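Welcome to this short tour. Please load the model in your viewer and keep the selection panel at hand.

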Amino acid sequence: MEEYTTFFITAKDGRQVEMAVVDEFDYGKRHYVVSAVVENDTISDEGQFIYRCRIREDGFDVEQITGKTEYEEVTKAYLEMEEESPGEPEGIAGSETGCS
């Protein structure tokens, strides 16, 4: 298995869920990560989730996008970027910049 940067989120039911950063990108003046759930050391193919990312000197923090408009704009921008550059996305698995 490839090495991915991971982080934990708290699910609605209170469980801690491990997420793997599978891509990252900038949109507007913000940085975002695309992540997928990690189950038994395997990245789930049951969908991807986009979070805002804040880079710190010693790591990064993610936060859920709560605004419908921001979420729709960011999702649309990411999908357009994916269409323009098929193949392995920039920032995937072990990028030297940003969150992973």
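Start by selecting serine 35 together with the residues it touches (heavy atoms within 4.5 Å): beyond four places away in sequence, these are Phe7, Met19, Ala20, Val21, Val22, Gly47, Gln48, Phe49 and Tyr51. Serine 35 sits in strand β3 (strands are DSSP E runs of at least two residues, numbered from the N terminus). Its relative accessible area is 0%, so serine 35 is buried (under 20%, with a 1.4 Å probe and protein chains only).

A note before moving on: this is a predicted model, where local features need pLDDT of at least 70, side-chain atom pairs count only at pLDDT 80 or more, and totals for chains, interfaces and linings use all residues. Numbering runs from 1 along each chain as its sequence is written, and side-chain values use heavy atoms, leaving out hydrogens and water.

Next, colour by pLDDT (the predictor's confidence in each residue, from 0 to 100). The protein averages 84, and 83% of the residues score at least 70. Now select residues 88-97, where the pLDDT is below 50; this stretch has 20 contacts in the model beyond near neighbours in sequence.

Finally, which residues line the largest pocket? Select Ile9, Thr10, Ala11, Lys12, Phe49, Ile50, Tyr51, Gln64, Ile65 and Tyr71. A pocket here is an open set of points on a 1 Å grid over the protein atoms alone, where a 1.4 Å probe fits, with protein on both sides within 12 Å along at least five of seven lines; lining residues have an atom within 4 Å of a point. Strand β5 gives the largest share of this lining, three residues.

Technical notes: Helix = DSSP H or I, 4+ residues; strand = E, 2+ residues; numbered from the N terminus. Buried < 20%, exposed > 50% of the residue type's maximum accessible area, 1.4 Å probe, protein only.
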